[in-house]
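Biologist: I am new to this structure. Please show it to me, and then let me ask about it piece by piece.

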Amino acid sequence: MKDFVAIDFETANECRSSVCSVGIVVVKNGDVVDSYYSLIHPEPDYYQYFCQQVHGLGPEDTDNAPIFPDVWKEIEPKIQGLPLVAHNSPFDEGCLKEVFQIYQMDYPDYEFYDTLVPSRRLLPDLEDHQLQTVAAACGYNLEHHHHALADAEACAQIAIKLL
């Protein structure tokens, strides 16, 4: 696969619709050609302590951030006609479907691919198959794990190598 968009969401709480940041990396012909990052005002609008500990974001970061439909209007033209790739894609695909539902937006049935499953098959000797471990095995140093753009960049590099 040479053309795709790596995507990563962070959430504010246990609800997958509560996306509070998104990062995308557009890959064409096997090269990164574009990227995008935005904070998002989450829905529902509250943060769980655990989630804040993971990604470091809180209400002070997203209270004045745009809502998801406004962010997606910027992302949609960048991803037109391209499959989406995520590490553990059921999570990110679930976030996307749920936030579309919350805002009563028509979901265009995006094609999703996962880098986690092939990493388990192609790199069976890793101590684990978390994003940072697989990225390192693919020669990419993920320095800011759980920042949506950094995670999307790592996912893109994994997909370039493994898919």
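Biologist: Which residues of α4 are buried?

Modeller: First, this is a predicted model, in which local features need pLDDT of at least 70, side-chain atom pairs count only at pLDDT 80 or more, and totals for chains, interfaces and linings use all residues. Residues are numbered from 1 along each chain as its sequence is written, and side-chain values use heavy atoms, with hydrogens and water left out. Buried means under 20% relative accessible area, exposed over 50%, and partly exposed in between (1.4 Å probe, protein chains only). In α4 the buried residues are S89, D92, E93, G94, C95, L96, V99 and F100.

Biologist: What covers the buried residues of α4?

Modeller: Helices (H or I, at least four residues) and strands (E, at least two) are DSSP runs, numbered from the N terminus. Contact means heavy atoms within 4.5 Å. The cover of the buried α4 residues includes β1, β2, α3 (68-79), β4 and β5.

Biologist: How many Å does α4 reach from its first C-alpha to its last?

Modeller: α4 has 14 residues. The expected span of a helix is 1.5 Å times one less than its number of residues. For α4 that expectation is 20 Å, and the model is close to it, with a reach of 20 Å.

Biologist: Where does N88 lie, and is N88 buried, partly exposed or exposed?

Modeller: N88 lies in the loop between β4 (84-86) and α4 (89-102). N88 is not a glycine, but it has a positive phi of about 70°. Its relative accessibility is 35%, so N88 counts as partly exposed.

Biologist: Which residues is N88 in contact with, leaving aside neighbours within four places in sequence?

Modeller: N88 and Y113 are 25 residues apart in sequence, and their C-alpha atoms are 9.0 Å apart in space. Leaving aside neighbours within four places in sequence, N88 is in contact with D114 and L116.

Biologist: How many of the residues of α7 are buried?

Modeller: α7 covers residues 148-162, and its end C-alpha atoms are 21 Å apart, which agrees with the 21 Å that its 15 residues should span. Its buried residues include L149, C155, I158 and L162. What covers them includes β1 (4-11), β2 (19-28), β3, β4, α5 (116-122) and α6 (131-137). α7 is largely enclosed by the rest of the structure, because the buried residues number 11 of the 15.

Biologist: Is T62 buried or exposed?

Modeller: T62 sits in helix α2 (residues 59-62). Leaving aside neighbours within four places in sequence, T62 is in contact with C20, L39, I40, H41, P42 and Y47. Its relative accessibility is 0%, so T62 counts as buried.

Biologist: Which residues does P66 touch, not counting those up to four places away in sequence?

Modeller: P66 is in the loop between α2 and α3. With a relative accessible area of 35%, P66 is partly exposed. P66 and H41 are 25 residues apart in sequence but 5.7 Å apart in space, C-alpha to C-alpha. Not counting residues up to four places away, P66 touches S38, L39, I40, H41 and V71.

Biologist: Which residues does a cis peptide bond join?

Modeller: Go to the loop between β3 (31-39) and α1 (49-55), where P44 lies. Omega of the cis bond is about 5°. The bond joins E43 and P44.

Biologist: Now the whole chain. In what order do the elements run, and what is the radius of gyration?

Modeller: There are 7 helices and 5 strands. From the N terminus they run β-β-β-α-α-α-β-α-β-α-α-α. The radius of gyration is taken over C-alpha atoms, and the globule rule is 2.2 Å times the number of residues to the power 0.38. The rule gives 15 Å for 163 residues, so the protein is as compact as a globular protein of that length, with a radius of gyration of 15 Å.

Biologist: What share of the residues of the protein count as buried?

Modeller: The C-alpha trace spans about 40 × 35 × 20 Å along its principal axes. Among contacts with a separation of 6 or more, residues 24 or more positions apart account for 64%. Of the 163 residues, the share that count as buried is 48%.
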